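Please walk through the model below with the sequence at hand.

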Amino acid sequence: MLARIRQSYEHTIYASYLGYITQAIINNFAPLLFLTFASDFTLTLDQITLITTVNFLVQLAVDLVSVKVVDRIGYRPCIVAAHVACAGGLIGLAVLPYVMDAYAGIMTAVVLYAIGGGLLEVLVSPIVEACPTKKKEAAMSLLHSFYCWGHVFLVMVSTAFFAAFGVSSWRVLACLWALVPIINIAYFSLVPIYPIVAGEEKQLSLTGLFKQKVFWLLMVLMVCAGASEQAMSQWASAFAESGLKVSKTMGDLAGPCAFAILMGTARALYGKFSEKMPLKKFMMASAALCIVCYLIAAFSGSPLFALLGCALCGFSVGIFWPGTFSMGALALPTGGTAMYALMALAGDLGCSSGPTVVGMVANATGGSLQNGLMVAMLFPVLILIGIAVMKQKKA
């Protein structure tokens, strides 16, 4: 069995699936506990908000540092270290608030697992892209679907655990979730990891990468991919609560959870039927559908229809992120680690800017989320234009 694991690229892909499930866990577990943190440790809303902000900023910093560091250290040590940091952060979340200042303990754990999350974002996609698979775009799309399934699995299992044992048992659950990256430490220590830039080809330098016009187009697409996704998903719960008049828990299940399920479904379907659906055509159709979803959410006038638009938007944005990675690998095969790290950085910037645009416009127009989404519709419009340009140039 061990010999097969060491020789089979299929196990590399399975370990990568677990890597994205790990990232989903560390990105989405703490937000489930925000109210618990506020009551147990008497934290203010500003302090709670900073937890997400720090997680995001640390991952951005890791994306940037990875451009120079990963190739020097090597992929295997880095991917193992990423899982060590994720496991340490989750266990630290359960332990550190009780052995030091509570807020400092939480933030220390967040920084630790954010380092791991940033590394995973940079490393997992190129590791799978380098595997000797015949259907590269399908493999990439299926890989990214596991972030969605990980998110859904986290919400479902955590909700069931809290119902059975009470939210007060969250420290036990944090340690149980840490088992996922711990298992993957052993897995990634064994599986084969292939060269990111194949054969005798030389990886592009940063200067060489920056001189490529297609690289900048890919960066714009990544920003818009992250923004299109998060501008809608971050507000899905609000639409669920206002439209269906349900509790926060049910709102999260009907909003972000439904969004994640449909996003994962789109990625899995493309992974299954990629041979029948050319990537760029599928992305253009998805961008058009995304625009329609934004229009429904902004102009339907019905909170229920707006929620349905939000959920369907999850399906429409599913291909944007993995599809852009695949287009980058095809257009710039010698882009290497630097290209993947900078594309991840651009995607994270989009994930931050999308919800910010919606919130700022809504705030400036009397609290209208519809107006915010109407402006954010610019992101899928830019994706549609960008892919049309790449398709015309055969980039």
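Ile21 is buried, because its relative accessible area is 17%, under the 20% cut-off. The model it belongs to is a predicted one. Ile21 is found in helix 2. Leaving out residues up to four places away in sequence, Ile21 touches Phe146, Gly150 and Val180. Cys148 is 127 residues from Ile21 in sequence, yet the two C-alpha atoms are 8.0 Å apart in space.

Two packed helices are described by the angle between their axes and the distance between the axes. Here helix 2 (residues 9-28) and helix 7 (residues 136-165) pack at an angle of about 40°, and their axes are 8 Å apart. Helix 2 is therefore oblique to helix 7. The crossing of these two helices is right-handed.

Leu154 leads on to another residue, Phe29. Apart from neighbours within four places in sequence, Phe29 is in contact with Leu154 and Ser158, with Leu90 and Leu93, and with Trp170, Leu173, Ala174 and Trp177. Phe29 also stands out in the largest nonpolar core, which has 121 residues: together with Phe37, Ile51 and Tyr294, Phe29 touches the most other members. The largest share of this core, 16 residues, comes from helix 6 (residues 102-130).

Two further residues can be set side by side. Ser66 has its place in helix 4 (residues 45-73). Ser66 is buried, with a relative accessible area of 3%. Not counting residues up to four places away in sequence, Ser66 touches Leu119, Val122, Thr337 and Ala341.

Thr42, by contrast, is exposed, because its relative accessible area is 65%, over the 50% cut-off. Thr42 lies in the loop between helix 3 (34-40) and helix 4. What is the phi of Thr42? The angle is near 45°, a positive value in a residue other than glycine.

Key. Residues are numbered from 1 along each chain as its sequence is written. This is a predicted model: local features need pLDDT of at least 70, side-chain atom pairs count only at pLDDT 80 or more; totals for chains, interfaces and linings use all residues. Side-chain values use heavy atoms; hydrogens and water are left out. A nonpolar core is a set of buried Ala, Val, Leu, Ile, Met, Phe, Trp, Tyr and Cys residues joined through side-chain atoms within 4.5 Å. Buried means under 20% relative accessible area, exposed over 50%, partly exposed in between (1.4 Å probe, protein chains only). Helices (H or I, at least four residues) and strands (E, at least two) are DSSP runs, numbered from the N terminus. Contact means heavy atoms within 4.5 Å. Axes are lines fitted to C-alpha atoms, for helices over the stretch in contact, and angles run from 0 to 180 degrees between N-to-C directions. Angles under 35 degrees count as roughly parallel, over 145 as roughly antiparallel, 65 to 115 as roughly perpendicular and the rest as oblique. A crossing is left-handed if the near helix is turned anticlockwise from the far one by less than a right angle, and right-handed if clockwise.
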